[in-house]
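Q: Let's go through this one. Put the model up and I'll ask as I look.

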Amino acid sequence: MKIRHKITLWITGTGVLVSLVFSLIIFLEMKELPYKSIDTGLEVIGQILGRLAIAGKIPSSGRLAGSFSVDVNQYWIKIYDSHMKIIYQTQLARHVTLPMRNNRRAYTVIKSMPENGTGLGEEGNKVAFRVRTVYLQKQGSGYIIQIAKPLGQLQDEVTDLLQSIALGLLVTTLLLIFLGYGVAGRILKPIGVINRMARDISNRTLDRRIPMGKSRDELYELSGSLNRMFDRLQYSFDMQKQFIADASHELKSPITLLMLFMEGAIHRKDLPDSFQQRLIHQTNILRRMSRLVKNLLDLSALELKRTISFAQISLPGLLKSVLEDYADVFAAKRINLTLNIPEDLEVRGDKEELQRVFINLVDNAIKYSHTDGDIRIRAARVGHDIRVSLYNTGRGIPKADLERVFDQFYRVEKSRSLQYGGSGLGLTIVKRIVELHGGTVEMESEPGAWTQITITLPVPAESYQKQ
Amino acid sequence: MKILIVDDEPDLLEELRETFKQQRYEVDTAADGEEALDKVFDNAYDLIILDIMLPKIDGLEVLKETRDGDIKTPVLMLTARGSVEDKIAGLDYGADDYLPKPFDRSELMARVRSLLRRTSEHKDTLLTVGDVSLDTKTREVFKRDVPMELTPKEFSILEFLLYNKNRAVSRFTLAEHVWGDEFDPFTMSNFIDVHIKNLRRKIGDPETKGIIRTIRGIGFIIEDAQE
């Protein structure tokens, strides 16, 4: 779950809880409120009826006379004398039995309607009654007036109240979710920015840092911590690269020394043949080591490089100069070379480095292509890029290895190093140079059939402004 | 021929001294820039082999002061590889050639001979073996004074073998020399034989007992005619 959603949930949860408690208090307060007037009404009517009963003027008709114009048939009324004999009851009281509680306070009773004729709906219809018992004592005789009112209307009011509260809660919840989501987004926005920045800092752009905000808050601290981490990371990266550079450099003198000695020894006439053969073999191993050190140094120099010198270079010119050096090799291996490069295609970059890229690629293509094979070199502008692809027939590379061919010292088959030479750094160097130019390299292959490597270099900005 | 070798690595300095002594050169050595400058101004050398990275005074500074002191002795710089800046600076300061470390013995010898020849008194730019001669200045090859058409690679192979006359040169060294440092000599050395074959055909050289001889397991050699 995203933190934004969590924060939203927390805000909404606490908000809803507070609203709920608030609503509950309001509800409990409001619930008793409507009964007060009814209770008072019941009391008053009870008192009046009581007095009438005492005076022996129990109304025969449904209406109470006098200043009260109340239809008694709307009420459930029973009047008992001191012997608990019913001396008066309304129509409603005949049909419905309500329990009598020895209680001065009003209470609510819910009854099922026994039969039709109560005027309160169908049989079985549940009706709430507010019941009140009034005790009257006059001239030695006591009366008990039990008076009740069906509460149809009032129950509705309570339901209304509940509905309002529910609606209010719903609206509040929706509002809280909406606001919570917004607030969470607002809180998290700087984190998103920091995250994006941190993500964009790759091992190629380790010199970049997260900009520090103005307010010295927790996010400022976070940015600071991240930047300090990047400092340490960059330091150790640079240290490592510098170490490789220094180590390769230090290796050069002893290798030179050994080469001088070994080659001198090979030329000696006083050594047994078998020993000389071994010396030749060792010298070749030493030569490979020397090559490896050279490539390591090249690569570390490239790794430490952050920018390159750019110049406008004719791509067909560059490729042709490289291919010229291989002309005899193509002929000797009877390789069929196809070139498809527009004459006016130009790239922007470091000429020496790009030349190295193509030397490495052509070298690879020749190395891994069979005699009588095909090598096709194509270049074209595709949108804002220049795409150069080298295709060669040959044994190809298994799919699983395609991703790793650019890794340092990676070889598709370990045994290939002996057969084909090379240091295992050629493609790593190619990739690094292309990346320094802001481009990408891609390798495709059909095992047993062909291999194709494609370089994409961005077109210099001014050349498409020209068009 | 007197050569001054300047390098701060004692073992390498010793090995270089031995290598050149075997070739009957007179060798003097210096381990730092200060010593080098002292010796350069006190002696007349035919060639100076100068490492760029030196204690006290660095190689470029030594070169600069040498040239400022109007000493025109040819200088072969030993450079750190991959630093184009060093290369350019060296040539700007008046170095005659440069060789990146680590280098082959044959390559070093060829460069040294080439430099010595270029500045030698009689200005002999002609390298010869039997009836074949190669002019290093005009880049021409003659067979019994008849000019021949050679591809640049073939010329380069012949020239390198002639500079290392009477010494075997390995396929790898030859490949590295002909195609340069950027190329993988393991790829190229496979094709050296093809070039040698073409070269032999052009200069009318038989496979056996000819000018260019194949030495099994090592490479090739051009020797002075024995008869």
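Q: How do α4(A) and α1 of chain B cross?
A: Their axes come within 9 Å and cross at roughly 25 degrees, with α1(B) covering residues 10-22. Axes are fitted to C-alpha atoms, for helices over the stretch in contact, and angles run from 0 to 180 degrees between N-to-C directions. Helices (H or I, at least four residues) and strands (E, at least two) are DSSP runs, numbered from the N terminus.

Q: Before going on, what kind of model is it?
A: A predicted model: local features need pLDDT of at least 70, side-chain atom pairs count only at pLDDT 80 or more, and totals for chains, interfaces and linings use all residues. Residues are numbered from 1 along each chain as its sequence is written, chains are lettered from A and ligands numbered from 1 in the order written, and side-chain values use heavy atoms, leaving out hydrogens and water.

Q: Back to that pair. Is α4(A) against α1(B) left-handed or right-handed?
A: The crossing is left-handed (near helix turned anticlockwise from the far one by less than a right angle; clockwise is right-handed). α4(A) and α1(B) are therefore roughly parallel to each other (under 35 degrees; over 145 is roughly antiparallel, 65 to 115 roughly perpendicular, the rest oblique).

Q: Which residues meet there?
A: From α4(A), S253(A), T256(A), L257(A), L260(A) and F261(A); from α1(B), D11(B), L12(B), E15(B), L16(B) and T19(B). Contact means heavy atoms within 4.5 Å. By class there are five nonpolar, three polar and two charged residues (Asp, Glu, Lys and Arg are charged; Ala, Val, Leu, Ile, Met, Phe, Trp, Tyr, Cys and Pro nonpolar; the others, Gly among them, polar).

Q: And α6(B) with α7(B), what angle?
A: About 125 degrees, with the axes of α6(B) (152-163) and α7(B) (171-179) 10 Å apart. They are therefore oblique to each other, and the crossing is right-handed.

Q: What touches what in that pair?
A: K153(B), S156(B), I157(B), F160(B) and L161(B) of α6(B) meet T173(B), L174(B), H177(B), V178(B) and W179(B) of α7(B). That contact has six nonpolar, three polar and one charged residues.

Q: New topic. How much space is in the second largest pocket?
A: About 570 Å³. On a 1 Å grid over the protein atoms alone, a pocket is an open set with protein on both sides within 12 Å along at least five of seven lines, a cavity is a set of points where a 1.4 Å probe fits but cannot get out, and lining residues have an atom within 4 Å of a point. Points join across faces, edges and corners, and volume is the space filled by probe spheres set on them.

Q: Which residues lie nearest the centre of that pocket?
A: I266(A), H267(A), R268(A), K269(A) and Q276(A), out of 23 lining residues. Two or more residues each come from α4 (218-266) and α5 (273-304) of chain A and β11 (212-215) of chain B. α5(A) gives the most, with four. The lining has seven nonpolar, seven polar and nine charged residues.

Q: Where is the cis peptide bond?
A: Between K101(B) and P102(B), with omega about -10 degrees. P102(B) is in the loop between β5 (97-100) and α5 (105-119) of chain B.

Q: What is phi of D70(B)?
A: Near 65 degrees, positive in a residue other than glycine. D70(B) sits in the loop between α3 (59-68) and β4 (75-79) of chain B.
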